[in-house]
Amino acid sequence: MLLRWPAGLVWAFLGLALLYPLGRILALGLGEGLGLAWANPYYWGRLAWSLAYGLGSSLLVVALALPLAYAFRYRFPGRDLLLSLATVPFVLPTLVVALGFLALVGPRGILGVNLYGTPWILLWASAFYNLGLVLRMLVAQLPTLEAPLAAARTLGASPGRAYWRVGLPLLAPALLAGGGLTFLYSFSSFGLPLVLGGPRYATLEVEVYGLLAYRLAFPEATALILLQLAVSALVTLLYLSAQTRLSLSLSPSAPPKPLSPGLAGRLAVGVWLFFLALYAPLLALLARALAAPEAWLSAWRGQDFTPAPLALWNTLHFAALSLGVVLPVGFLYAYAVWRGARGLDLVGLLPLMVSPVAVGLGYLLAYPALGGSLVILIGAYALLSYPLLARALLPSLRAMPKTVLEAARVLGAGPWRRLWRVEWPLLRPAFFSGTALALAAVVGEFGATLVLRRPEWATLSVAIYERLGRPGAEPFAEALALAALLAGLAGGLFLLLDRGPRPLG
């Protein structure tokens with residue numbers, strides 16, 4: 001019985017929170033909406049740009065991550081710190097990053113160069129978010145190349161031929177994984193194109209929100225969501241197929257190679273300068289926010305906008321309520337998949353493919369009687385964040401020594417006792433790390449909040465966006481102050497809960 005009911009509960013949650021709303025989107029989008037979208041060349045232009053943005057981001061991130069990964073194969077001052085800093089963007093809300101770029105290269109940016117409304121700022125932002133993910137994959141994969149490359153050289157292959165014929169095929173799984181995930185994240189991104197791209201570089205996701213917010217064009221919005229889901233599903237299937245054909249077992253992590261002090265120093269300078277340039281928007285955000293203390297006071301009072309205390313309370317309140325759903329669903333999902341629920345494992349990938357705006361639209365279509373209710377808002381938060389907890393738990397579950405579990409069973413421990421006394425202590429570090437990731441995602445959630453919110457529900461992300469929609473230096477300064485507050489909140493909660501290493505996949 002213990003092995004069946006976790007899967008049943010998760011299936012019930014996914015049926016209500018994901019499958020039924022997606023079914024309503026499918027029904028509306030395949031009817032009136034698809035014909036309207038198909039006949040409008042403007043929507044095809046949005047699809048073309050979304051595809052170009054995803055592909056360009058993938059190529060850029062892989063091109064940057066590969067030489068960086070080789071640099072991290074060597075020991076140099078600050079190596080471990082920089083590798084840890086590469087994961088910082090994972091816990092930063094979208095609007096925090098967007099405000100950082102506006103503070104650095106926006107219309108009122110520190111550098112005096114205005115990249116707003118250009119593809120370059122979006123590609124830079126995509127590299128900022130995704131580089132750390134691909135870098136860590138490649139750093140883990142590179143040690144596996146050394147023995148095969150040495151064998152190829154022994155057999156007479158030149159260094160270039162050995163790398164082309166042996167090294168790249170061995171790196172293919174990590175390159176495909178990193179490139180595929182970067183494509184999915186960029187293709188379906190919302191917050192960054194909304195704030196930084198302008199009308200010309202709006203993605204399909206931004207267009208969906210515009211159709212809902214300004215025209216209430218539900219049929220066309222659902223049709224665009226179906227196009228987006230079709231592309232995401234195709235890329236995901238190709239990625240999974242390639243991973244199955246090219247998958248390799250990783251050897252244990254190899255220590256970095258030593259270098260002479262001179263070479264190590266030069267390498268450190270180069271890598272540090274690269275990361276300073278990549279993360280310069282964060283430094284610009286903090287500098288601009290701290291340089292205007294009066295903006296903190298005006299944001300706190302909130303005479304013309306949502307006051308900061310209310311936005312902060314809503315953010316923490318909704319995060320706490322969401323955790324009440326995320327923790328049991330994420331744990332039960334991981335436990336059921338570990339016990340062999342393969343169908344659930346496949347369906348559990350869907351929340352990673354469905355955009356927050358699509359989730360919000362699906363809820364409005366599926367549960368109109370619950371419009372304006374916290375139930376659907378918390379449901380959306382939980383659906384979008386529980387996979388982060390589950391994916392953190394699964395590697396630890398699969399790595400649990402079977403001998404320990406068998407020994408506990410032989411000694412008479414029942415399923416519940418084994419779960420509490422044996423399995424839980426082994427899972428605790430991964431559980432806290434996954435909870436930290438899920439909480440950071442909830443705190444910074446933006447897309448679903450915009451679609452489902454009521455005025456009194458404004459979170460910190462929504463309060464920032466309110467101020468960005470008003471021209472003038474004072475609202476922008478308040479937005480910078482709130483973005484710094486949101487960054488500190490997300491990072492602080494993450495550091496408070498993170499108790500163990502995060503998995504790479």
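Start with helix 1, which gives the most to the lining of the largest cavity: five residues. Helices here are DSSP runs of H or I with at least four residues, strands are E runs of at least two, and both are numbered from the N terminus. You're looking at a predicted model, where local features need pLDDT of at least 70 and side-chain atom pairs count only at pLDDT 80 or more, while totals for chains, interfaces and linings use all residues. Residues are numbered from 1 along each chain as its sequence is written, and side-chain values use heavy atoms, leaving out hydrogens and water.

What does the lining divide into? Ten nonpolar residues, no polar and no charged. (Ala, Val, Leu, Ile, Met, Phe, Trp, Tyr, Cys and Pro count as nonpolar, Asp, Glu, Lys and Arg as charged, and the others, Gly among them, as polar.) The volume is about 40 Å³, and a search of the whole structure turns up one cavity of 30 Å³ or more.

For the method: on a 1 Å grid over the protein atoms alone, a cavity is a set of points where a 1.4 Å probe fits but cannot get out; a pocket is an open set with protein on both sides within 12 Å along at least five of seven lines; lining residues have an atom within 4 Å of a point. Points are joined across faces, edges and corners, and a volume is the space filled by probe spheres set on them.

Back at Leu 14, show its contacts (heavy atoms within 4.5 Å): not counting residues up to four places away in sequence, they are Leu 19, Leu 344, Val 347, Leu 383 and Tyr 386.

Next, the second largest pocket, at about 540 Å³. Of its 23 lining residues, Tyr 116, Leu 194, Val 195, Tyr 465 and Leu 468 are the closest to its centre. Helix 9 supplies the largest share of the lining, five residues. The lining holds 16 nonpolar, three polar and four charged residues.

Now pick Ser 58 in helix 2 (residues 41–71). Buried or exposed? Ser 58 counts as buried because its relative accessibility is 7%, with buried meaning under 20% relative accessible area, exposed over 50% and partly exposed in between (1.4 Å probe, protein chains only). Ser 58 touches Gly 179, Thr 182 and Phe 183, not counting residues up to four places away in sequence.

Last stop: Pro 255, in the loop between helix 10 (218–246) and helix 11 (261–278). At 59% relative accessibility, Pro 255 counts as exposed. Draw a distance to Pro 143, 112 residues apart along the chain: the C-alpha atoms are separated by 9.1 Å.

Zoom out to finish: the protein has 23 helices and zero strands, and 54% of its 505 residues count as buried.
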